[in-house]
Number of protein chains: 2
Amino acid sequence: MQKIHLFDTTLRDGAQSEGVSFTVEDKLRIVRLLDEFGIDYVEGGNPGSNPKDVEFFRRVSEIPLRNSKLVAFGSTCRPGMEPDEDPGVAALLRANTPCCAIFGKCWDFHVATILRTSPEENLRMIEKTIRYLVRLGKEVVFDGEHFFDGYQNNPEYALAALRAAEAGGASWLVLCDTNGGTFLTDIEKITRKMVETMKTPIGIHCHNDCGMAIGSSLLAVRAGAAMVQGTINGFGERCGNADLIPIIAGLHFKMGLSCVAQESLPQLYHLAREVSNVANITFNERSPYVGNSAFAHKGGMHMDGILKNPATFEHLNPDAVGNSRRFLLSEVGGRSGLVAKLHQIEPRLRKDSPETQQIMDALKQKEFEGYQFEGAEASFELMVIKCLGRYKPAFSILDFTVFCERPEGENSAKAVIKVMVGGKERLSAAEGDGPVNAMDLAVRDALSVFFPSLQAMHLTDYKVRVLNSEGATAARVRVQIASTDGKRTWRTVGVSTNILEASWIALIDSLEYKLMLENK
Amino acid sequence: MQKIHLFDTTLRDGAQSEGVSFTVEDKLRIVRLLDEFGIDYVEGGNPGSNPKDVEFFRRVSEIPLRNSKLVAFGSTCRPGMEPDEDPGVAALLRANTPCCAIFGKCWDFHVATILRTSPEENLRMIEKTIRYLVRLGKEVVFDGEHFFDGYQNNPEYALAALRAAEAGGASWLVLCDTNGGTFLTDIEKITRKMVETMKTPIGIHCHNDCGMAIGSSLLAVRAGAAMVQGTINGFGERCGNADLIPIIAGLHFKMGLSCVAQESLPQLYHLAREVSNVANITFNERSPYVGNSAFAHKGGMHMDGILKNPATFEHLNPDAVGNSRRFLLSEVGGRSGLVAKLHQIEPRLRKDSPETQQIMDALKQKEFEGYQFEGAEASFELMVIKCLGRYKPAFSILDFTVFCERPEGENSAKAVIKVMVGGKERLSAAEGDGPVNAMDLAVRDALSVFFPSLQAMHLTDYKVRVLNSEGATAARVRVQIASTDGKRTWRTVGVSTNILEASWIALIDSLEYKLMLENK
């Protein structure tokens, strides 16, 4: 099987993502992840551009790497200068990595407009800088900046830039679509021409400005590129770089090519999430292959098919990338999906049981009112138990008042609640950061005398969604909350035009669910 | 220029997105947006599957559409049944749309495993169902389910399914990559073969399971497909459908093909966001073409290049899609943007005015607290006026109480408010659908005695976002509201841990802004 080399630039190009700012510790953690996973080249940063990267390269040299070669990124020497006089090149050497990535201009328009030097001088800078680094024992990856734009405007000059890099002794010639605007078939065509023209192996570096960076990268590989540059989760400036996660999966599962060890593939799910965690960027759950939605089925016919044979509606076994299959609840889910869910609650329920029809009707009615049980499985379970006539209320609420006075300071909300449990009444009041917080505190205070385990319980998430926002302040709202007792987490939902009532419904479901769990 | 037809399925396939649940109102709003934008076919839902879609089709028939043809989605009749006996086909007809999309099986494996009927019977179902609908005057789009998987396993049978649809009189034969696993070059190759083989125009329907749905769709167009099916923002089951936004931009700007009127292209930015707002899905700001990051440049070389000539680092002029250029992490860029905004409020403010620094500090502090003034320009303007010392309060609030008792029915919330205007006091009380509605009614009732114009004003939008949802019910929330006086609309924002206080801040800003407008 042909081996494709992976070059990760999460720590350099990926660090240019809006909202991403890695600490040195973050970078070290990502290097370890990429090395364990088996990425061939890990570009750590630009030691000539900022002190954080200098510190990073000092500390990363202490980490023994098993699979990855560390790369420092920098540019050719400046116009009119020799490489050994250039402070940027000197900084690159001080990073002390086995490999350097050097970017050089391939578009004559940029040479004139940005560098403001002659075309010949730019070629000299490329060749000499690379030769200097190679003589000092470095492996050099040449990043041909704006290669595709350059080639489409002046193919001879773009080619001359690659030839200069090859003459200097570069190990790789990487064709960069720096502005991300090249159409994917042009990327394929031009890459093929370069593979045929040059002796040195070709790499590809795409950006996602047209939404096609993954496809462009894989087409370049089909055209003969033997290295793919990209970032984990497609982090990067503007719309991001090519996302290495689906590229790795695509190379293996769709193209039959190899890039990492077979055992690493089920780690893709974990790798994508860990890098998101370190970057503190919410993971996109719709991500190909590794998102939690990637193998989640919502349509009724689809779920029905999956139950008959997963190959009917899955292009890949989710285990192959460490992911898993999920069934979602919804009005479009139909009876099969519902039955699959119901089976977990009450194994004797069948597709044609009268209770199943009854539950389905109740579900449709609730969804019509604005309920959504996806992500609120505990409320769904309670609804099913109620439909089955197995619901025994553990407590009842006799009285309930929430008030906020002149709500301009914090903590101005109070709640007073009276509950009854087994014939005994109890009144509690609480003050909170807001009315919902006050309700939560008051009701748990009132009930925990009877059910001490409720004290250990707390809310971990609270979401509000206005359903018909054009109804403005009289709109219907849906509140979803997540609760935990330290061991498990469950989610509930409430809907009303009154946001306090919607919160209250979700809150009471959460308490009832906890007590139901204990009685099981 | 060749015209490519767009077929939007945001309301059908897109509704299968995890986390998306459209109300009937949401769907009607999206139909209006798509019609205004100029989408050719708008698939509204599956009237045979759920009561919400039935209600939707009833109401949408009252909306006059200028550009779009409305489509109802359904399947072929069942095995062993005639179309005129099939309840699903009857439901489809009751939707009363000019066009129907009928999906039928093209993969023999599915015919055997899912339908459990003979290959011949499936072909009969396709042909007869389509013929029946065509005779009743419908335009029929045939969605060839699993066409690519089917073709790769049994090309003769997949082709026979298309031939049956053509014989039945379908206007379009759409090749669906239902499971999203077909490699993009196979999509191109097979599409080309079908374009050459069939007389009926070919459409393409891709899913994003390999991260290449945009590229696959555009390659299919290159191969001769004349219709693209997809969804706004790529909503859809699992990893989503092909995203129509970059597809539209790609067709126009990268392929030189036409699909919507030239004037619509600068609406892409707005369309993508509005559909996200209606779906209440956080918009992905890294989206190609229309994300706020899509033309955002970080300092250094890129910004320097852009200032010399935008073509150096931009593949497209952001104005072309209604987007704009931004400079990030750059004191100069940041201040320039702010000054441009300030100029509209107070023309004498310069980049180096002391007030500019003061406003910048206030803005940073507010943003740190969780404020966001994008989409809340009225609150921003008030903040600036306050920083400039030009703010004169029109009224003051002396006293304020909101209470909800046993909030299980509707209309259980009351608000009591005392205001003072020019030395005169007034107390008002109101009852509302919820506490925020009660506050809104009470405060306008109290003030409209002094400012009768406030009576004509009302709220048109109310949005809540929990900022640190892990803080659960003690979390900080941001409320954004939109108000109108019938002539213009303005937006304001409030942030607090108390949702009523956050709403109150936004509400008061809205009233103050209205009065400020009148005094101008």
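Colleague: Which helix sits between strand 6 and strand 7 of chain A in the β-α-β unit, and what is the hand of that unit?
Modeller: Strand 6, helix 8 (residues 184-197) and strand 7 of chain A make a right-handed β-α-β unit, where right-handed says that, with the strands pointing away from the viewer, the path from the first strand over the helix to the second runs clockwise. Helices (H or I, at least four residues) and strands (E, at least two) are DSSP runs numbered from the N terminus.

Colleague: Before we go on, what kind of model is this?
Modeller: This is a predicted model, in which local features need pLDDT of at least 70, side-chain atom pairs count only at pLDDT 80 or more, and totals for chains, interfaces and linings use all residues. Residues are numbered from 1 along each chain as its sequence is written, while chains are lettered from A and ligands numbered from 1 in the order in which they are written.

Colleague: Back to strand 6 of chain A: how many of its residues are buried?
Modeller: Five of the five residues in strand 6 (residues 172-176) of chain A are buried; a residue is buried if 20 or more other C-beta atoms, placed from the backbone, lie within 10 Å of its own, exposed if 12 or fewer, and partly exposed in between.

Colleague: And which way do they point?
Modeller: W172(A), V174(A) and C176(A) point one way from strand 6 of chain A, whereas L173(A) and L175(A) point the other way. In a regular strand the side chains alternate between the two faces of the sheet.

Colleague: What does strand 6 of chain A pair with?
Modeller: Strand 5 (residues 139-145) of chain A pairs with strand 6 in the parallel sense over four bridges, and pairing here requires that DSSP finds at least two bridges between the strands.

Colleague: Switching to chain B, which residues of helix 7 are buried?
Modeller: In helix 7 of chain B the buried residues are A158(B), A161(B), L162(B), A164(B), A165(B) and G168(B). They cover an arc of only 155° around the axis, so they are on the same side of helix 7 of chain B; the arc is that of the directions from the helix axis to the C-beta atoms.

Colleague: What about the other side of helix 7 of chain B?
Modeller: On that other side, P155(B) and E156(B) are exposed.

Colleague: How far does helix 7 of chain B reach, and what follows it?
Modeller: Helix 7 (residues 155-168) of chain B has 14 residues and reaches 20 Å from its first C-alpha to its last, close to the 20 Å expected, where the expected span is 1.5 Å times one less than the number of residues. After helix 7 of chain B comes G169(B), with a positive phi near 105°.

Colleague: Where in chain B is phi positive without a glycine?
Modeller: N96(B) is one of them, with a phi of about 60°, and its place is in the loop between helix 3 (87-94) and strand 4 (99-105) of chain B. R116(B) is another, with phi near 55°, in the loop between helix 4 (108-115) and helix 5 (119-135) of chain B. Most residues other than glycine have a negative phi.
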